[in-house]
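Dear colleague,

I am passing on to you the structure that is shown just below, and after it I set out what was found in it. Please read the notes with the structure open beside them.

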Amino acid sequence: MTERKMRNGGQVICDVLLEEGVSAIFGMPGGASLPFYNALYDYPQIKHYLFRNEQGAGYAADGYARALNTVGVATATSGPGATNLVTPIASAMMDSIPVVFITGQVATPFIGTDAFQETDITGVTIPITKQNYLVKDVDELPRVMKEAFYLAQTGRPGPVHVDVPKDVFLAETDAPVPEVIKIRGYKPAGAGHRGMIRRAAELINDADRPVILAGHGVAISAAFDELRELAEKARIPVITTLHGVGDFPETHKLSFGMIGMHGMYYANLAVSDCDLIVGLGLRFDDRVTGRVSDFAQRAKIIHVDIDPAEIEKVVPTAVPIVGDVKATLQILNPLVHKSDHPEWLGKLDKLRSEHPSHEPPDDERFLPQHMVRYIYEATEGAAAVVADVGQNQMWASQMFFYDRPYTFFSAGGLGGMGYALPAATGVQVARPKETVWCVTGDGGFQINIQELATIAEYQIPVKIGVMNNSNLGMIRQWQKRFYDGRYLGSELKNPDFAKVAEAFGIRGIRAETKDDAKDAISEAMATDGPVLVDFIVNELEDCYPMVEPGSSLAETVERGA
Amino acid sequence: MNGQSTLVALVADSPGVLTKVATLFRRRGFNIASLNVGHSEEPGVSRMTIVIEGTGAEIKHCEKQLYKLVEVLKVLDLTEVDRVDKELALIKVAARGADRAEVVGLAQAFDGEVVDVSKDAVVVQLTASPYTIERFLRLAGDFGVLELSRTGVVTMVRGTLDKSNVPARRPSSNHRE
């Protein structure tokens with residue numbers, strides 16, 4: 001029995017952070033959260049990274065969480081601090097990222113009075129969190145904090161928001177932190193139903209043209225070995241979603257890249273032609289399926305997901321399996337027979353070599369695709385890439401081969417531009433020895449450009465590659481293709497980003513040609529600290545392959561005019 | 001929409017749970033016809049009776065979404081189950097002079113109770129199925145319904161909920177263990 005000691009709310013939170021192994025938190029203080037910072041002052045084991053906008057702190061916690069497959073923590077004050085966290089909270093919800101968000105709130109006597117810097121932030125975050133709490137009694141805080149960490153990382157992970165009034169940070173309690181959390185209405189699934197798994201094995205054993213469609217769930221449950229075992233045992237081609245990039249070595253012969261709106265041509269055609277989809281931890285997002293009514297018409301679908309609400313949400317399934325991917329594959333794999341599908345694999349190999357969407361176009365001009373490929377070549381693939389949103393994100397996924405888990409990160413679900421720079425900061429803090437490349441467009445970069453100050457202050461050695469085409473490129477591409485080239489609001493008049501970086505105290509390099517780019521990447525790699533390279537790429541390059549809105553995967557356009 | 005469904009949700013009685021349930025329905029585009037919340041037989045557990053527009057797969061989806069709320073302990077789709085539906089309504093009906101006796105008679109015919117009589121109106125309390133209340137309202141409309149307050153449906157399964165009165169399409173154990 002541990003001795004019950006009195007401590008205040010701020011200390012309770014810090015103690016739980018320590019217990020949960022948190023060594024870094026990301027945030028920005030304010031009036032309502034000052035008592036928490038005052039407590040944190042006495043916990044040097046927890047390093048606080050000051051961001052310049054709470055949105056940056058939230059995304060950094062998201063990056064940190066993904067990089068270590070653990071829980072990230074971000075904090076902000078009440079009112080505007082908390083509302084600035086809303087975008088990263090929504091993003092973590094869409095991408096199933098375990099982040100605990102701690103916000104300050106006005107003191108309990110002021111709640112509901114429209115006090116200075118008061119926002120009903122738990123009212124705001126209900127639909128964008130896995131769970132949220134407004135803690136009005138400090139005696140509840142130990143349990144709530146422990147529950148927050150438990151809920152964030154179990155089952156389908158997600159953000160948990162804890163809103164703490166100023167006086168609750170200061171109030172004292174001797175309530176202990178519970179050792180075990182039991183929540184009656186919350187029972188995350190383990191392995192899937194045995195009978196269903198047996199049926200899945202039968203379908204796999206009977207299939208002539210199977211594919212594995214691997215999503216984020218493989219990474220969350222760390223089922224990499226099990227996935228590889230299944231794929232190699234039955235010789236099944238592996239195609240991933242955007243968040244599944246890194247689930248399976250992309251240089252493996254059985255890897256057929258990413259599916260979707262800008263997926264590999266051969267991946268989209270393989271899924272359209274297959275007779276069985278083994279779907280592992282994915283939600284059949286509209287960017288994955290194309291026109292749903294024509295999705296994989298010849299295929300039966302096995303769908304493994306830990307969230308029952310994802311099963312049958314978008315596509316009808318032959319075998320629904322509610323369960324953890326890793327635990328499920330451990331039961332499934334022994335039931336699967338050895339097989340080799342030579343005809344099917346031969347067909348796909350041919351398709352891939354005839355339509356190599358993973359190769360940059362053969363072009364003398366310096367294209368955005370070249371930028372990503374040069375980074376891949378210079379790092380020999382030994383880097384983590386944090387992509388922003390838009391064309392840069394798609395090229396970052398297409399032109400780099402990710403052989404290791406947890407090396408590609410992107411805000412795929414919410415699609416919030418401005419993600420890459422702060423998230424890369426979080427990834428680098430989590431994995432200090434990793435080479436981390438932030439691949440961002442010139443538009444997204446400017447959404448959180450202020451975090452250059454954070455990167456400079458803490459000398460976080462991220463390599464920032466701005467794919468600069470002086471446009472919101474994906475917007476321009478859509479205006480060109482679907483709005484008769486009536487460009488409005490897509491062109492960007494940019495500052496000189498290399499000079500901007502230098503002003504922040506970060507080495508800045510401008511690269512206008514292919515040779516410049518290769519040199520700049522070498523220099524960035526040879527520099528210990530952070531470096532920004534402003535890659536001036538061909539402005540008019542469009543992102544292909546593309547499944548146009550309303551089209552089916554089978555209608556993937558390989559290359560635009 | 002083609003018809004309504006009746007769900008019962010048992011939820012942990014914690015702050016904000018009603019908002020969470022209501023927000024979920026709004027966000028996922030479900031229309032609530034009626035929603036009733038109150039204590040259940042177990043302390044700390046509230047019982048919600050929710051009548052929503054829609055049937056079949058939509059409702060199944062709704063059920064799964066409800067289960068994602070940590071506070072939700074159990075969801076039962078009682079649409080096709082043999083059950084008792086009751087609702088309480090207070091209905092103020094215009095009644096002057098000779099009309100008064102007719103309204104009182106109408107209330108009695110529906111097993112209603114006259115809980116207030118004033119110069120211009122009679123307040124009738126009806127505890128009945130929504131269908132019966134609708135019928136009463138149609139007839140009372142001839143006199144003029146001045147005010148109406150309904151609690152929304154509460155429902156209870158007849159006997160115990162087992163295979164004899166549950167349709168075959170219950171979620172399998174695979175759905176939620």
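The contact between the two chains draws on 18 residues of chain A and 20 residues of chain B, where two residues are in contact if their C-beta atoms, placed from the backbone, lie within 7 Å. On the side of chain A that touches chain B there are 11 nonpolar, four polar and three charged residues; here Ala, Val, Leu, Ile, Met, Phe, Trp, Tyr, Cys and Pro count as nonpolar, Asp, Glu, Lys and Arg as charged, and the others, Gly among them, as polar.

Please bear in mind that this is a predicted model, in which local features need pLDDT of at least 70 and side-chain atom pairs count only at pLDDT 80 or more, while totals for chains, interfaces and linings use all residues. Residues are numbered from 1 along each chain as its sequence is written, and chains are lettered from A and ligands numbered from 1 in the order in which they are written.

In chain B, four strands make an open antiparallel sheet in the order E2-E3-E1-E4 (strands, E, of at least two residues, and helices, H or I, of at least four, are DSSP runs numbered from the N terminus; two strands pair if DSSP finds at least two bridges between them). Strand E2 (32–39) and strand E4 (72–77) of chain B each have a single partner strand and stand at the edges, so one side of each is left without a neighbour in the sheet. Strand E1 (residues 4–12) of chain B pairs with E4(B) over five bridges, and B:Leu7 has B:Asp77 in E4(B) as its bridge partner. Helix H2 (residues 57–67) of chain B packs on this sheet, where it touches E1, E3 and E4 of chain B, and its direction makes about 165° with that of E4(B) (angles run from 0 to 180 degrees between N-to-C directions, and axes are lines fitted to C-alpha atoms, for helices over the stretch in contact). Helix H1 (residues 17–27) of chain B lies across E1, E2 and strand E3 (45–53) of chain B, at about 145° to E1(B).

In chain A, the axes of helix H1 (residues 9–19) and helix H7 (residues 141–153) come within 10 Å and cross at roughly 30°. That makes H1(A) roughly parallel to H7(A), a term for angles under 35 degrees. In their contact, A:Gly9, A:Val12, A:Ile13 and A:Val16 of H1(A) meet A:Leu141, A:Pro142, A:Met145 and A:Lys146 of H7(A).

Conventions
Angles under 35 degrees count as roughly parallel, over 145 as roughly antiparallel, 65 to 115 as roughly perpendicular and the rest as oblique.
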